Amino acid sequence: IVIHEEKVKGLSAVLTALGFQPTEKTTSMAFELSNLAPWVNDSDVKINLTRTMNDWTESFASAFLKPAEIVAGYQARHQRALEAGQGLYHFTLANEGQVRCSLTLSLCDGEARLNDVGTLMGFRGRGYATRLIHAALLFASTLGAKRCFLEASVDGFSVYQQLGFERLF
């Protein structure tokens, strides 16, 4: 659940009673897909839309430092969503034949959402996330999405801002 920081204090007791726990402070951001510029082809990377959750999971687990049992549960939920035909898409970016970065894109009623953008430790700062996000945004646009939303962590904020995402709150 993402809540505007001005509302957190008033909702904190209710959410805690329901079993929710605060995690991190993020920034909600949006991007108008009509502002998306073309990308120059990169011959050194390969971007895939995948239904193979193992390919997608490794960079997710590395980026978010989650224990194996949490990652397995997360992967199982995503697999069930794919099998149910929900508007959930998983992208990977590979370099030298190895997945380096992955993300999740969800689509609903002309709106897109990026989530779980993660790059393997040791491969950050090479532009992989930027390239993969751009490819996912192009894909969303071709499927009719007009805007894309996300919650940016402190670590990811500058990447999203450079791509043109604007702060909502």
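**Aromatic pairs and overall architecture of the predicted chain**

Eight aromatic pairs are found when the whole structure is searched, a pair being defined by rings of Phe, Tyr and Trp (its six-membered ring) whose centres lie within 6.5 Å, with planes under 30 degrees apart counted as stacked, over 60 as edge-to-face and the rest as tilted. One of these pairs is formed by Y89 and F139, which is edge-to-face because the ring centres are 5.0 Å apart and the planes stand at 65 degrees. This pair links distant parts of the chain, since Y89 belongs to strand β3 (residues 88–95) and F139 to helix α4 (residues 128–142), 50 residues apart; helices (H or I, at least four residues) and strands (E, at least two) are DSSP runs numbered from the N terminus. The pair of Y160 and F165 is likewise edge-to-face, with ring centres 6.0 Å apart and planes at 70 degrees. Y89 counts as partly exposed at 23% relative accessibility, whereas Y160 is buried at 9% and F165 is buried at 3%, where buried means under 20% relative accessible area, exposed over 50% and partly exposed in between (1.4 Å probe, protein chains only).

Residues are numbered from 1 along each chain as its sequence is written, and side-chain values use heavy atoms, with hydrogens and water left out.

The secondary structure of the protein chain comprises five helices and seven strands, and from the N terminus on these elements follow the order α-β-β-α-α-β-β-β-α-β-α-β. The C-alpha trace spans about 50 × 40 × 35 Å along its principal axes, and buried residues make up 38% of the 169 residues. Of the contacts (heavy atoms within 4.5 Å) with a separation of 6 or more, 70% are accounted for by residues 24 or more positions apart.

Several individual residues illustrate the local setting. K46 lies in strand β2 (residues 45–50) and counts as exposed at 51% relative accessibility; not counting residues up to four places away in sequence, K46 touches T92, L93 and A94. The C-alpha atoms of K46 and K146, 100 residues apart along the chain, are separated by 25 Å. E83, in helix α3 (residues 68–83), is exposed with a relative accessible area of 60%, and its C-alpha atom is separated by 9.5 Å from that of R51, 32 residues apart along the chain.

Positive phi values occur at two aspartates. D109, placed in the loop between β4 (98–108) and β5 (111–119), has a positive phi of about 50 degrees although it is not a glycine, and D109 is exposed, with a relative accessible area of 75%. D116, in strand β5, has a phi near 55 degrees, a positive value in a residue other than glycine, but D116 counts as buried at 7% relative accessibility.

Definitions and conventions
Predicted model: local features only at pLDDT ≥ 70, side-chain atom pairs only at ≥ 80, totals over all residues.
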